[in-house]
Amino acid sequence: MFSGEGRLPVTNVTLQNEDKPELPFIFSFDDNYPYSPEDKLFIPPFLSHSRQMNLFTQESRELPVDLVYQTGEAFTSEIIIPENYSVEYIPEDTEHTGNVIVYTYKTIREEDKIKIIEKYQFNKSIFEHEEYKELKETYAEMIKLFNDPVIFKRNQ
């Protein structure tokens with residue numbers, strides 16, 4: 001689940017509420033992340049659970065894009081600030097209201113943790129071929145933002 005190419009090396013993964021859709025799905029783990037010489041931690045807020053790849057890979061379209069139904073997703077992550085570390089970088093809050101996708105990225109900083117909320121919604125289920133370039137570019141921008149890591153720096 002968390003190992004393999006491009007994944008965080010973690011141990012002691014625990015899951016809660018995976019079979020209770022009315023409750024928040026909670027997972028926790030111990031990291032074995034290789035520390036850099038600068039003693040910084042780069043933590044993707046949603047690990048590999050957020051969108052990783054652009055669904056729209058063609059250069060152009062001749063036919064409409066049919067998503068079958070208007071779709072979207074929402075994720076919330078809480079990252080406990082590790083002992084002896086401080087937050088060096090958190091991606092900026094963003095609200096994008098475009099012609100094809102609406103997305104939000106919000107951070108809430110508390111004393112010992114950071115809560116990150118991301119969500120997106122396609123504006124419709126069928127996009128004309130003339131809208132494809134905007135759809136592809138906006139989706140790519142959203143993926144980049146949603147996977148931007150939080151950076152922690154070791155306190156001296």
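This report covers strand pairing and salt bridges in a predicted model.

Strand β9 spans residues 113–122. One face of β9 is covered and the other is uncovered. The covered face carries I114, I116, E118, Y120 and F122. K113, K115, I117, K119 and Q121 sit on the uncovered face.

Strand β5, residues 72–80, runs antiparallel to β9, and 9 bridges join the two. Within this pairing, E78 has K115 of β9 as its bridge partner.

Strand β8, residues 101–109, is also joined to β9 by 9 bridges, and this pair runs antiparallel. Y103 stands opposite Y120 in β9. Y120 belongs to the covered face of β9. What do β8 and β9 form, with 3 residues between them? They form a hairpin.

## The open sheet β3-β11-β6

A set of 3 strands forms an open sheet with antiparallel pairing. The strand order is β3-β11-β6. Which strands stand at the edges? They are β3 (40–43) and β6 (85–89). Each has a single partner strand, so one side of each lacks a neighbour in the sheet. Neighbouring strands here are turned against each other by 30° on average, direction ignored.

Strand β11 covers residues 150–154 and is joined to β6 by 4 bridges, running antiparallel. Y85 faces R154 of β11. V87 has F152 of β11 as its bridge partner. On the other pairing, β3 and β11 run antiparallel over 4 bridges. There, I43 stands opposite V150 of β11.

## Salt bridges

Side chains of opposite charge can pair when their charged atoms come close. How many salt bridges does the structure hold? The count is 6.

| K106 | D93 | 4.0 Å |

Take the salt bridge between K106 and D93, at 4.0 Å from N to O. K106 lies in strand β8, and D93 lies in the loop between β6 and β7 (94–97). The pair therefore ties together parts that are 13 residues apart in sequence. K106 is partly exposed, because its relative accessibility is 39%. D93 is also partly exposed, with a relative accessible area of 42%.

K113 sits on the uncovered face of β9. At 21% relative accessibility, K113 counts as partly exposed. The cut-off matters here: buried means under 20%. E110 is partly exposed as well, at 37% relative accessibility.

Is E131 buried or exposed? E131 is buried, because its relative accessible area is 18%, which is under the 20% limit. K124 is partly exposed, at 30% relative accessibility.

Technical notes
Residues numbered from 1 in each chain as written. Predicted model: local features only at pLDDT ≥ 70, side-chain atom pairs only at ≥ 80, totals over all residues. Heavy atoms only, no water. Buried < 20%, exposed > 50% of the residue type's maximum accessible area, 1.4 Å probe, protein only. Pairing = 2+ DSSP bridges. Axes fitted to C-alpha atoms, helices over the stretch in contact; angles between N-to-C directions. Salt bridge = Lys/Arg side-chain N within 4 Å of Asp/Glu carboxyl O.
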